[in-house]
Amino acid sequence: MSHQDQHANRVDDPDRGTRALTVVGGGVIGLTCALAAADAGWRVRVLDAGHAERASWVAGGMLGSLGEGQPGEEAALELSVESVRRWPALVKRLDEPAVVTATDSLFVATGAADAEYLRHLADFVWAHQPRTDSTLSAVTGREIRALEPALSSRLVGGYRAVGEWSVDNRLLLFALRRTAEAAGVQVVDARVESLADLRADLGPAAQLLVAAGLGSLALVSATLMRELRLHAAKGEILRLRRTRLSVPPPTHVVRARVHGRAVYLVPRADGIVVGATQYETGDFSDRTPQAGGVADLLADAIEVMPGLRTYELVEAAAGLRPCTADGLPVIARVDANTVVATGHGRNGIVLAPITAERVVDILEGEHQ
């Protein structure tokens with residue numbers, strides 16, 4: 001932690017460290033864990049390095065299992081399904097209805113090969129998802145346009161998933177911070193450079209939660225956690241704003257396959273988020289959008305919804321997702337005073353509630 005921030009994070013009461021938790025990371029994972037810990041009776045402080053460090057600042061905010069389930073990732077799918085079940089309670093806790101931007105999703109295809117891909121994906125998810133959660137039904141191109149008239153007449157079909165939500169990721173961050181602070185969490189704008197320096201300011205019994213995304217690698221040394229092997233997946237998103245000439249945003253999340261590429265359109269109050277590319281990068285500081293990625297996203301999104309031509313492009317951004325080899329996040333205790341929660345990849349927002357639940361279980365000693 002920088003010198004100027006140290007005084008802001010020192011605890012001077014005589015019993016400092018007793019059921020005290022310091023969370024390193026102010027993204028969706030860190031704030032959701034902080035709120036859950038405060039609700040469990042912990043005295044919590046969050047150290048937040050700002051928007052630039054958060055994968056959740058550059059996100060579509062989709063909450064669902066169909067689009068995220070992939071053959072070979074059965075364990076990740078099961079975890080996502082369990083976490084999605086906890087989202088209604090979290091939204092209720094936040095008392096911010098506007099955070100939910102859609103409650104259903106459409107998965108659509110522009111051609112026969114794309115439709116076949118969606119069919120295989122749907123069969124996989126249907127087979128592995130508990131029947132009580134199955135709300136998936138096939139839809140024709142005509143039915144898609146009846147649900148969303150602004151979508152292209154060239155769409156050949158797909159699936160409708162009732163209950164596959166989306167949230168406004170940035171409104172979610174603000175709501176989480178506000179709710180956490182109301183619950184007694186102290187949020188401090190500070191960058192942590194060293195856990196050793198941070199521990200010097202805390203009592204011997206204080207607990208640390210490292211939820212800093214890719215930054216967790218630099219903080220949690222290999223000697224503490226040899227299995228922490230993160231890699232970065234870069235993803236670009238676009239934010240489009242509706243004008244007075246524009247057709248309205250869709251009421252569904254639209255997840256499309258366009259000539260073998262995936263593109264999603266997620267409604268916002270003032271427009272649409274379009275995303276997302278994904279490719280490996282060895283540079284953990286590379287957050288600059290590439291022209292090719294932006295061009296592909298725009299072309300594919302306009303093919304799915306031609307009326308997007310009248311929207312304004314107000315932001316092109318790139319984020320770095322912290323990924324693991326097996327697609328599962330790392331949620332574990334690494335020493336007597338340190339817990340880590342990272343490696344959520346493309347599912348950080350989806351997995352926030354169940355991550356918070358597991359972190360609190362660890363803090364309370366159930367999984368030590």
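How many bridges join β15 to strand β16, and in which sense do the two run? Five bridges join them, and the strands run antiparallel. Strands are said to pair if DSSP finds at least two bridges between them.

## The model and its chain

This is a predicted model, in which local features need pLDDT of at least 70 and side-chain atom pairs count only at pLDDT 80 or more, while totals for chains, interfaces and linings use all residues. Residues are numbered from 1 along each chain as its sequence is written, and side-chain values use heavy atoms, with hydrogens and water left out.

The chain holds 11 helices and 16 strands. Helices (H or I, at least four residues) and strands (E, at least two) are DSSP runs, numbered from the N terminus. Of the 368 residues, 54% count as buried. Here buried means under 20% relative accessible area, exposed means over 50%, and partly exposed lies in between, with a 1.4 Å probe and protein chains only. The chain exposes about 15,700 Å², and carbon and sulfur atoms supply 52% of that area. Such areas come from the Shrake-Rupley method with a 1.4 Å probe; for residues, only the protein chains shown count as cover.

A contact means heavy atoms within 4.5 Å. Among contacts in the chain with a separation of 6 or more, 78% are between residues 24 or more positions apart.

## An open sheet of six strands

Six strands form an open sheet with mixed pairing, in the order β7-β2-β1-β8-β16-β15. At its edges stand β7 (186-189) and β15 (330-335); each has a single partner strand, so one side of each is left without a neighbour in the sheet. From one strand to the next, the twist averages 20°. In the pairing of β15 with β16 (residues 338-342), Arg333 stands opposite Val339 in β16.

Two helices lie across strands of this sheet. Helix α2 (residues 28-39) lies across β1 (20-24), β2 (43-48), β8 (207-210) and β16, running at about 170° to β2. Helix α11 (residues 352-363) lies across β1, β8, β15 and β16, at about 20° to β15. For these angles, axes are lines fitted to C-alpha atoms, for helices over the stretch in contact, and the angles run from 0 to 180 degrees between N-to-C directions.

## Strand β9 and its partners

Nine of the 11 residues of β9 are buried, so β9 is largely enclosed by the rest of the structure. With β14, β9 runs antiparallel and is joined by 11 bridges; Ala232 has Pro322 as its bridge partner in β14. Antiparallel pairing also links β9 to β13 (residues 279-281) over three bridges, where Ala233 stands opposite Glu280. With β12, β9 pairs antiparallel over five bridges, and Leu240 stands opposite Ile272.

Ile272 is also one of the contacts of Val266, a residue of strand β11. Val266 has 0% relative accessibility and counts as buried. Leaving aside neighbours within four places in sequence, the contacts of Val266 include Gly60, Met62, Thr101 and Ser166.

Helix α10 (residues 291-304) has 14 residues, which at 1.5 Å a residue should span 20 Å; its end C-alpha atoms are 20 Å apart, which agrees. The expected span is 1.5 Å times one less than the number of residues. Buried residues in α10 include Val294, Leu297 and Ala301. Their cover includes β4 (100-109), β9 (231-241) and β14 (312-323), among other strands.

## One aromatic pair

How many aromatic pairs are there? The count comes to one. Rings of Phe, Tyr and Trp (its six-membered ring) pair if their centres lie within 6.5 Å; planes under 30 degrees apart count as stacked, over 60 as edge-to-face and the rest as tilted. Trp57 and Phe174 form an edge-to-face pair, 6.1 Å centre to centre with 80° between the planes. Trp57 lies in the loop between β2 and β3 (62-63) and Phe174 in helix α7 (residues 169-182), so the pair ties together parts that are 117 residues apart in sequence. Trp57 is buried, at 17% relative accessible area, whereas Phe174 is partly exposed, at 48%.
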